[in-house]
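Here are my notes for you to read alongside the structure. Keep the viewer open and find each spot as you go.

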Amino acid sequence: MGTSLQQDATVASRGAVEQYDAIIIGAGVTGLYQLYRLRQLGISVRLFDDGDGVGGTWYWNRYPGCRFDSESETYGYSFSNELLQEWDWKEHYSGQPENERYLNYVADKFKLRPDIQLKSRLTSAVYDESANRWDLKFEDGRRARTQYLIGAVGILSARFTPPFEGVESFKGRSLHTGTWPKEPVNLAGKRVAVIGTGPTAVQLITEIAKEVGHLTVFQRTPNYCAPLRNAPVTAETQQRFKDTYHEIHQRIRETPAGFAYDFDPRKTLEVPREERLALYEKLWAMPGFSKWLGNFHDIMSNREANEDFAEFVRDKIRARVKDPAVAEKLVPKDHPFGSKRVPLESGYFEQFNRDNVLLVDVRETPIERVTPKGIKTSDQEYEFDIIIYATGFDAVSGALTRIDIRGQGGRTFKDTWADGPRTYLGIQTAGFPNFFIATNSAFCNYPVCAEMIVEWITDCLRYMSEKGFKRIAPTPHAEQAWVEHAAELASHTFLSGTSSWFMGTNIPGKKPALLLYANSAPNYRNKCKEVAANGYEGFVLE
Ligand code: N01
C-alpha cells in the first residue's frame, strides 16, 4: 500500500522511482471512488492530483456562485448507505463550498488521504512494453512506475483562455473561473470584466453584479438560461431523502441522463398549442433541468418542435429585461435550445437591469486585444481593475492530450486523438494497454455514471487478477466499430450545428467531433456490462 507523506517527500528528493500496481490521476468525484474501490482489491494504489486539496471540479471551481445544477440528493455517491445517512445536503442545489466539504468528508471517512499525493502534476506517462509498466513523471521531478494507469481527470478540467493578443500585458488582475483563488477576491467597488456567458459566467455574474463597482459582460453567444429555483432542504425533506435513497438511485439509473426526469413521450406539435404552453409553464415553474429533460422527447430531435419551446424561452427572457435592445441581445436566435448546455440561473437576466452592468456583444464589436488598461474592442477601449475569463474548458480530450502520454511503439495519445476521442466504450484506446479512462463520457449526471465506470474498471482488474492476465487493450477493430457507432449516434442529434464544448468547437484548431457518447445512460451501462459478461469481448487480454 502507499507510503506516508513524509516518506514520499524523501523518495521524491532521492529521485527514486515509486512502484505501484495502480496509479490514479485526479482526486475528484471519480478518482476518490476509484481509490476506495481499488484498495479493496488489496493491490498497491496511489492517487496523484495537482491541486493541494481533494475535490477536482469542486476544488478548482470556487468562483462566487458556483453550485450544482443537479439535484443534491442525486449527486452524492450511492455506494455507502452509511455515508448517505450521515450527510445532510443543506440546499437542493448545493454550493461549491459545501460540495468541496462533502468530498473532503468522503476522503476522511474512508481514510483515503494516506494514499493520496497532492500538488503533483503529471507531465508524462510512457508505456514500457518489455516490462508492461507505465513510467510516470511529475512536474516536481517525482517518478513512479505502475502496471495500471487510470486517468480520472474529469471532462471539464483543462482550462481554456482565448489567445487574445496582449493577455499578458494587462496590469490589473486576471482570473480564470476554473482556477479561482482560495483567498477571497475583493471585488467591492472594482471595475470588473467578465468574458463569456456560459453556465459558469451565468452563476458568477448573478453573484458578483451587486458587489462590484461596475461590471462589463462580454457576450459572444447568448444562452437559453432557465430558472434553477434553488431552496434550502427542510429537515423533513432531508429525512425523506435518507429514507428513499434506494428508490432515488434506482430511478436515476433508469432515466436517459441520470436525472430524476422523464421526457414526455408525446410529439410536441401533435399536442394542441394551449396544452403545450401549459406544459411549458409547468416545467418553467419547476426547479432544475425539468425544462430540458422533462419536456417533449422530440425537442432534441425535431427542429420545429425545438423552435416551439425555444420561442417560449425567448419570451421569458424578454419579459425580464427592461431595455428591449439589451433584451434582444440576450435572446438566443442562432442555435436550438439544448444544443449548448442549458445554464440554470437564479436572477441572471435581472442583473442587466442594474445601472452598474453593461452588456457588450462581441459579435457586433469584436474583442481586438487585451491592453495594459483593459480590453479593446473594435469600437472602444474599456478600462478594468479585474478581468475574469469565464471562457470554459478544452473539454473531454484536453485534460489527457495536454499530458505527454505515449503508448506502444511510442505512439502519442495526442496524435491518436487528433480527430476526436478514439476509444472502445469510452474506457480504453487501442495501443495504450492498461491505461483506463475513468471519465464519464456519456451525457449523464456525473456521479451516477462515474460510479458505474469505476466499478467496471475495478471488476476488470479483479477479473484479470483471477485469470492471471497482466495486460488489457481493445482491438483496433472493436475501437473502430465503437468510434463509428458513436459518430452514427451523434449524427442523429443536432449538436453538430452549434459551436460548443460538446463539439470541441470552442477551442481554436480543435477538430469538430461530438466528445460525449450520445446514447442513453442505461444503454451505455448495459453495453459495458455485456462486454464484461462476455469475457471482455473486443479487448485483448494477455
Ligand atoms: O464554459 P462554456 P463554462 N471571445 O464553454 C465564451 C459545466 N458547468 O465554464 O458560447 C468571447 O460553456 C463562450 O462563448 P461562445 C457545464 O457542463 C456546470 O461556462 O463559445 N467569448 C461562452 O460564453 C458547462 O457546460 C455547472 O460563443 C468567448 C463562454 O466563454 C461546462 O461546465 C456550472 C471566447 C464559455 O462557456 C462549461 O461551462 C458551470 C472568445 N474568444 C459549468 N471564447 C454546474 O452548475 C469563449 N468564449 C454544475
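1. Let's begin with Tyr536, which is buried, with a relative accessible area of 3%. Look for Tyr536 in the loop between α17 (521–533) and β20 (539–541). Its backbone deserves a look too: phi of Tyr536 is near 60°, a positive value in a residue that is not glycine. Most residues other than glycine have a negative phi. Before you go on, bear in mind that this is a predicted model.

2. Now hop over to Arg229, where phi is positive as well, at about 60°, although this residue is not a glycine. Arg229 sits in the loop between β10 (226–227) and α8 (235–254).

3. Next up is Glu18, a residue of strand β1 (residues 17–25). Glu18 has a relative accessible area of 5%, so it counts as buried. Which side chains does the side chain of Glu18 touch through polar contacts? One is the side chain of Tyr20, at 2.7 Å. Another is the side chain of Arg142, at 2.5 Å.

4. Ser174 belongs to strand β7 (residues 173–176). With a relative accessible area of 37%, Ser174 is partly exposed.

5. For a helix, have a look at α2, residues 29–39. How many of the 11 residues of α2 are buried? The count is 10, so this helix is mostly covered, given that buried means under 20% relative accessible area. Among the buried residues of α2 are Val29, Leu32 and Leu35, but also Thr30, Gln34 and Arg37.

6. Then there's an open sheet of three strands, in the order β13-β14-β15, with antiparallel pairing. Its edge strands are β13 (367–370) and β15 (381–383), each of which pairs on one side only. From one strand to the next, the twist averages 20°. Between β13 and β14 (residues 374–377), the antiparallel pairing runs over three bridges. To get your bearings there, find Ile367, which stands opposite Thr377 in β14.

7. Last stop: the ligand. There are 24 residues around it, and those that come nearest are Arg67, Thr200, Arg220, Thr221 and Trp501. Which kinds of residue form this shell? It divides into 11 nonpolar, eight polar and five charged residues. Helix α7 (residues 199–208) supplies the largest share of the shell, three residues.

8. Some distances at the ligand are worth checking yourself. An N or O atom in the side chain of Thr221 is 2.5 Å from an oxygen atom of the ligand. For the side chain of Trp501, the distance from an N or O atom to a ligand oxygen is 2.7 Å. Arg341 has a polar side-chain atom 3.4 Å from an oxygen atom of the ligand. How much of the ligand does the protein bury? Taken alone, the ligand exposes 920 Å², and the protein buries 89% of that.

Methods: Residues are numbered from 1 along each chain as its sequence is written. This is a predicted model: local features need pLDDT of at least 70, side-chain atom pairs count only at pLDDT 80 or more; totals for chains, interfaces and linings use all residues. Side-chain values use heavy atoms; hydrogens and water are left out. Buried means under 20% relative accessible area, exposed over 50%, partly exposed in between (1.4 Å probe, protein chains only). Helices (H or I, at least four residues) and strands (E, at least two) are DSSP runs, numbered from the N terminus. Two strands pair if DSSP finds at least two bridges between them. Axes are lines fitted to C-alpha atoms, for helices over the stretch in contact, and angles run from 0 to 180 degrees between N-to-C directions. A residue is near a molecule or strand if one of its heavy atoms lies within 4 Å of it. A polar contact is a pair of N or O atoms within 3.5 Å; within protein, one must be able to donate a hydrogen and the other to accept it, and residues adjacent in sequence count only if both atoms are side-chain atoms. Accessible areas come from the Shrake-Rupley method with a 1.4 Å probe; for residues, only the protein chains shown count as cover. Ala, Val, Leu, Ile, Met, Phe, Trp, Tyr, Cys and Pro count as nonpolar, Asp, Glu, Lys and Arg as charged, and the others, Gly among them, as polar.
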